[in-house]
Number of protein chains: 2
Amino acid sequence: MEEINAVTENLHSITDSDMLLEVSSFAEDCLKNKNYRELRELVSNLQAADVAEMFIEIPESYHTVFFRLLPKELAAETFIEMEADTQRMLIESFTDLELSDILSELYIDDTVDIIEEMPAFIVKRILKSSSESDRAAINTILKYPKNSAGSLMTTEYVRFLETMDVEAALTHIRRVAIDKETIYTCYVTDRDRHLRGIITAKQLLTEELSTMLVDIMDENYIAVHTGDDREEVAHLLNKYDFMAMPVVDSEERLVGIITLDDAVDVIKEESEEDFAKMAAITPTETPYLRASVLSLWKSRIPWLLILMLSSTVSSTILTGFESVLPAVLVLFVPMIMGTGGNSGGQASVTVTRSISLSEVEFSDLFRVFWKELRVGVMCGAVLGIVTYAKVMLVDMLLLQNGDINSQVALTVALSLTVTIIAAKVIGAVLPLLAKRIGLDPAVMASPLITTLVDALSLLVYFLVSSAILTA
Amino acid sequence: MEEINAVTENLHSITDSDMLLEVSSFAEDCLKNKNYRELRELVSNLQAADVAEMFIEIPESYHTVFFRLLPKELAAETFIEMEADTQRMLIESFTDLELSDILSELYIDDTVDIIEEMPAFIVKRILKSSSESDRAAINTILKYPKNSAGSLMTTEYVRFLETMDVEAALTHIRRVAIDKETIYTCYVTDRDRHLRGIITAKQLLTEELSTMLVDIMDENYIAVHTGDDREEVAHLLNKYDFMAMPVVDSEERLVGIITLDDAVDVIKEESEEDFAKMAAITPTETPYLRASVLSLWKSRIPWLLILMLSSTVSSTILTGFESVLPAVLVLFVPMIMGTGGNSGGQASVTVTRSISLSEVEFSDLFRVFWKELRVGVMCGAVLGIVTYAKVMLVDMLLLQNGDINSQVALTVALSLTVTIIAAKVIGAVLPLLAKRIGLDPAVMASPLITTLVDALSLLVYFLVSSAILTA
């Protein structure tokens with residue numbers, strides 16, 4: 001015990017999975033031995049995100065006791081960071097009073113995030129245990145569609161009236177700050193909540209007390225609408241280096257704000273989803289080491305099946321042509337299919353990420369097409385020439401493969417060039433078309449395009465070879 | 001002119017590439033006709049990030065005039081957002097006085113970012129034109145290695161002494177805030193700069209003026225060291241939802257802070273780099289639509305060449321076995337190679353991203369191996385059974401392919417299963433090994449593993465088929 005104590009004393013953060021296991025097993029021992037004082041001391045030095053990770057390692061039977069040990073503020077912050085299953089189990093074990101206590105510590109947007117993951121009877125309990133004003137705010141946010149700016153915003157921001165001066169603003173902040181998600185960007189509106197300008201806490205702290213807000217507020221603000229796409233809004237916050245973005249309704253009245261930390265989470269989540277989709281995996285939010293073997297299998301097997309069965313198309317083409325053409329050509333099939341797939345993959349990943357980052361949209365279709373056509377011709381020409389030289393010098397002269405002649409080399413090289421050009425153009429254009437008709441560009445991006453390009457490259461190969469070898 | 005005017009009037013942000021072209025061409029007309037008043041009015045409503053994009057569309061010959069038209073603060077902010085080439089050209093056209101003016105408006109960490117992209121003679125000029133204290137701070141940051149926390153930090157933070165009360169802190173902020181990157185998280189140190197705790201502006205605005213800082217400061221802060229990896233630090237900021245992270249030197253003295261917006265840029269940059277590497281592209285920072293055809297070609301062609309030439313290995317294996325085995329087996333080569341590649345890709349992308357997000361490290365090697373082995377067996381079994389059934393039912397019974405019998409079906413199915421298991425394990429373990437020996441896991445992730453798995457799957461296929469068909 002003494003030894004472990006030395007490890008956990010004055011611990012401020014958990015830096016890797018080994019330390020997590022060690023600290024969690026120490027905590028479990030404390031819970032087993034009812035050594036609550038020591039455990040409380042340990043966790044009170046830790047960050048909420050780390051305590052939430054400990055809950056995953058500690059057996060469920062201890063969760064309620066462990067949670068009740070946490071200092072109030074840390075308990076609320078830890079609750080937000082937990083996985084939905086743990087949250088749900090804890091809520092079920094809470095008394096109504098405990099639930100109200102926790103909810104009163106949470107920001108509205110965090111409560112909404114939790115509600116979105118809970119079954120109906122728990123949502124009811126949460127709404128019942130919230131204060132009346134919180135309940136109204138929660139319902140406001142809940143009514144916006146899942147991927148909208150409205151569903152991402154919080155209603156807890158600091159609002160000043162146009163008629164206030166700096167002193168009045170500071171007094172107002174002192175009164176309301178405790179319940180606001182951020183006080184660093186504040187909003188000036190008229191009596192009907194129409195946004196007029198933005199004031200930062202920095203300005204409030206450095207300007208004269210008698211200065212009118214309207215004289216110092218920034219009127220060149222950018223606002224988004226409740227219905228705007230949350231990913232686009234997240235990228236705007238990042239692009240313009242904002243700490244928060246005001247959200248207005250259809251009548252341009254301020255209804256909420258989106259803070260940078262929530263925008264960062266959207267950006268990260270979305271790029272991890274793209275990584276998963278491009279690798280033919282159904283996206284999940286569970287970190288790899290925590291995901292069960294079964295859940296990993298479930299997220300991977302459907303795509304492997306689909307791609308495997310769709311590769312039947314390539315096999316069928318191969319069967320059809322095999323009988324017609326010289327056997328030596330089969331040797332180059334993996335190279336042509338592979339290079340075509342890589343070429344198409346380069347184009348599709350680039351364009352898909354540009355779509356995700358809101359850098360490219362459907363109206364850029366022709367620009368994208370023209371760019372990839374030229375890149376494709378340049379790549380295709382170089383690889384075609386290299387392949388021609390390689391087949392002639394290595395396969396024919398060096399390895400003395402008697403079935404290979406200059407016609408075969410030309411066939412292979414030309415097929416490769418055409419395949420690369422086609423793969424580049426298809427790879428770049430398909431994600432844009434997918435986006436246009438409401439499909440997910442990332443799903444089109446890598447594996448599906450590879451399958452398509454595989455089939456296409458075989459077709460090209462056999463058309464070119466029939467033309468050249470039978471000429 | 002009237003018409004364009006209607007478009008640009010009261011414009012606060014540029015939302016897509018078409019609008020950018022329109023606004024830029026309007027600006028170009030203004031510059032051509034020396035209609036500076038109107039142009040100044042237009043840009044003064046815009047955000048710096050948008051004005052920086054206009055510089056890309058407007059001919060270089062107008063850059064100096066256009067830049068001189070911008071209001072001072074906007075000019076500095078725009079300058080930071082520009083591409084290195086544009087910055088360089090502008091610096092060369094600046095007088096010494098203009099350069100000093102701009103530099104005095106910039107935060108130290110932004111100046112360092114610019115310096116890192118400039119040739120030596122411009123760096124000299126920048127250092128010469130900076131104030132003495134700025135120069136010292138710039139040199140401090142420049143001496144840290146490129147990927148360290150030290151190189152990402154800024155030295156412009158608000159520091160309080162332990163002996164101060166809230167009133168003294170507020171007075172201090174009022175005096176120094178204008179030059180500080182953030183005033184929202186402030187740092188309490190002793191006289192030797194040893195960090196003691198953290199105070200937020202929210203606390204300063206809501207606590208009594210006579211409260212001592214030591215009584216309200218948060219002592220459970222987390223600090224990083226100057227030599228720590230900047231990506232890991234960025235993920236810590238995100239994990240713990242911090243707005244800024246203190247950076248200390250080897251003697252635990254506070255030397256700087258890293259702000260959330262800079263951490264977000266690191267996270268984004270790093271994941272875009274991973275996307276590029278996994279698609280076999282050399283990463284660049286230029287957005288797709290702005291990249292020239294030549295630069296796209298340059299970032300793609302070396303990898304296509306390497307991968308194409310390395311696929312020669314697969315062809316050679318195919319050549320060696322082709323003469324020995326029944327021709328019908330060749331039909332299943334694309335399917336086995338493709339499915340193996342997809343299986344390995346799933347594992348490698350998952351593990352590589354987990355490494356990038358600091359979720360998995362080398363010490364987890366065995367845990368990763370064991371997890372993927374089980375996922376591999378489960379995926380391999382399902383796909384093997386499906387393939388056996390498909391070959392027997394579709395290829396043999398339905399399509400009446402006379403060369404196919406139950407031995408062929410067994411060969412194909414068993415080869416597929418073994419290939420999938422091997423691909424999963426290799427795909428997961430290789431990025432960890434790469435990381436361990438200092439190579440880039442992302443480069444190992446997708447295309448290189450595909451090439452490896454291609455060769456491996458052929459070997460497995462022919463070993464299995466020799467064993468079964470000659471038994």
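## Two helices at an angle

Helix 16 of chain A and helix 17 of chain A are oblique to each other, a word used for angles that are not under 35 degrees (roughly parallel), over 145 (roughly antiparallel) or 65 to 115 (roughly perpendicular). This is a predicted model, in which local features need pLDDT of at least 70 and side-chain atom pairs count only at pLDDT 80 or more, while totals for chains, interfaces and linings use all residues. Residues are numbered from 1 along each chain as its sequence is written, and chains are lettered from A and ligands numbered from 1 in the order in which they are written.

Helix 16 covers residues 230-239 of chain A and helix 17 covers residues 260-278 of chain A; they pack at about 120°, with axes 9 Å apart. Axes here are lines fitted to C-alpha atoms, for helices over the stretch in contact, and angles run from 0 to 180 degrees between N-to-C directions. Helices (H or I, at least four residues) and strands (E, at least two) are DSSP runs, numbered from the N terminus.

## Where the helices meet

On the helix 16 side of chain A, the meeting residues are A:R230, A:E231, A:A234, A:H235, A:L237 and A:N238, and on the helix 17 side of chain A they are A:L260, A:A263, A:V266, A:I267 and A:E270. Contact means that C-beta atoms, placed from the backbone, lie within 7 Å. Six residues of this contact are nonpolar, two polar and three charged. In this scheme Ala, Val, Leu, Ile, Met, Phe, Trp, Tyr, Cys and Pro count as nonpolar, Asp, Glu, Lys and Arg as charged, and the others, Gly among them, as polar.

## The sheet beside them

Chain A also has an open sheet of three strands, in the order 4-5-6 with mixed pairing. Strand 4 (224-225) and strand 6 (254-259) of chain A each have a single partner strand, so one side of each has no neighbour in the sheet. Strand 5 (residues 244-248) of chain A pairs with strand 6 of chain A in the antiparallel sense over five bridges; pairing requires at least two bridges found by DSSP.

Helix 16 of chain A packs on this sheet, touching strand 4, strand 5 and strand 6 of chain A, and its direction makes about 140° with that of strand 5 of chain A. Helix 17 of chain A packs there too, touching strand 5 and strand 6 of chain A, at about 65° to the direction of strand 6 of chain A.

## Chain A meets chain B

The contact between the chains takes 86 residues from chain A and 86 residues from chain B. Helix 20 (residues 333-356) of chain B gives the largest share of its chain's side, 14 residues.

Note on methods:
Two residues are in contact if their C-beta atoms, placed from the backbone, lie within 7 Å.
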